[in-house]
Every structure is written in structure tokens, then in C-alpha cells.
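Q: I've got a structure open and a few quick things to ask. Can you walk me through it?

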Amino acid sequence: SLAASPESSSAAEGCTQEASQHQDLREYGLSVGVDTEQMPDLAWVVQEAIAAHLPQGWTQHADETGQVYFYNDVVDESAWEHPMDAVYRGDFRASAQQL
């Protein structure tokens, strides 16, 4: 029987992880109005949006099913969408019009 070498196994895992990250980037981009395959010049902005810090007063949580939500203890508000998504959505529209 042929066993995978540690190097080939590690390389396969790296490819799988990279493909998953690419898919996550594309899905998030689509959720805020940017198809990173149609507009690859905006992929870096989508990546920046994914890594965006929460605004002051907001915290991230997960419900009993594992779905992420956000809570603002200052105004006692919760949301399923990252509080900065609307801001990035507007930025993406403006950037896409300039391309």
C-alpha cells in the first residue's frame, strides 16, 4: 500500500485550507456586493473587511447552534451582521463604480 508522505499530506492540507479561505473570501465578498472573481482588484479590500475589528461597544458571540452574532452593550442591540458590513458595502459600491 502507498502511504502519503508527511510532505505531500501537508501540501494537500495547505491546498485545501487555501481553497477554503478563497471560498470564504468570495462568499463574504458576495454578501457585501463584491464578486471577487469578477472584480479581483477588490479582493484585498474584501480581505481587509473580513479582518475588521469590531467598533467600540460591540462584542462577538455565538448562539447555541454556533451561529455568530454581535452585541452592543452600550445601546443594548444585537445583530447577525458584523456592524461594519454596511460601511464596507457602501465602500465597495463606490470602489466598483470607479473600476
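**Aromatic pair and core**

Q: How many aromatic pairs does the structure hold?
A: There is 1 aromatic pair in the structure. Keep in mind that this is a predicted model.

Q: Which rings make the pair, and is it stacked or edge-to-face?
A: The rings belong to Tyr 69 and Trp 80. Their centres are 6.0 Å apart and their planes sit at 75°. Planes over 60 degrees apart count as edge-to-face, so this pair is edge-to-face.

Q: Where do Tyr 69 and Trp 80 lie?
A: Tyr 69 is in strand β2, residues 68-72. Trp 80 is in the loop between β3 (77-79) and α3. The pair therefore ties together parts that are 11 residues apart in sequence.

Q: Is Trp 80 buried or exposed?
A: Trp 80 is exposed, with a relative accessible area of 53%. Tyr 69 is partly exposed, at 25%.

Q: Switching to the core. Which residues form the largest nonpolar core?
A: That core has 11 residues. They are Leu 25, Tyr 28, Val 32, Val 34, Leu 42, Val 45, Val 46, Ala 49, Ala 52, Tyr 88 and Phe 92.

Q: Which elements give two or more residues to this core?
A: Those are α1 (6-31), α2 (43-50) and α3 (85-98).

Q: And which of them gives the most?
A: α2 does, with 3 residues.

Q: What is Ala 52 in contact with, leaving aside neighbours within four places in sequence?
A: Ala 52 is in contact with His 82 and Tyr 88.

Q: Back up a bit. What pattern does the chain follow along the sequence?
A: It reads α-α-β-β-β-α. That gives 3 helices and 3 strands.

Q: How much of the chain counts as buried?
A: Of its 99 residues, 21% count as buried. The chain exposes about 7100 Å², and carbon and sulfur atoms supply 51% of that area.

Q: What about contacts between residues 24 or more positions apart?
A: They account for 33% of the contacts in the chain with a separation of 6 or more.

Q: Last one. Which residue other than glycine has a positive phi near 55°?
A: Asp 76 has that value. Asp 76 sits in the loop between β2 and β3.

Q: Is Asp 76 buried or exposed?
A: Exposed, at 58% relative accessibility. The cut-off for exposed is over 50%, so Asp 76 counts as exposed.

Conventions:
Residues are numbered from 1 along each chain as its sequence is written. This is a predicted model: local features need pLDDT of at least 70, side-chain atom pairs count only at pLDDT 80 or more; totals for chains, interfaces and linings use all residues. Side-chain values use heavy atoms; hydrogens and water are left out. A nonpolar core is a set of buried Ala, Val, Leu, Ile, Met, Phe, Trp, Tyr and Cys residues joined through side-chain atoms within 4.5 Å. Buried means under 20% relative accessible area, exposed over 50%, partly exposed in between (1.4 Å probe, protein chains only). Helices (H or I, at least four residues) and strands (E, at least two) are DSSP runs, numbered from the N terminus. Contact means heavy atoms within 4.5 Å. Rings of Phe, Tyr and Trp (its six-membered ring) pair if their centres lie within 6.5 Å; planes under 30 degrees apart count as stacked, over 60 as edge-to-face and the rest as tilted. Accessible areas come from the Shrake-Rupley method with a 1.4 Å probe; for residues, only the protein chains shown count as cover.
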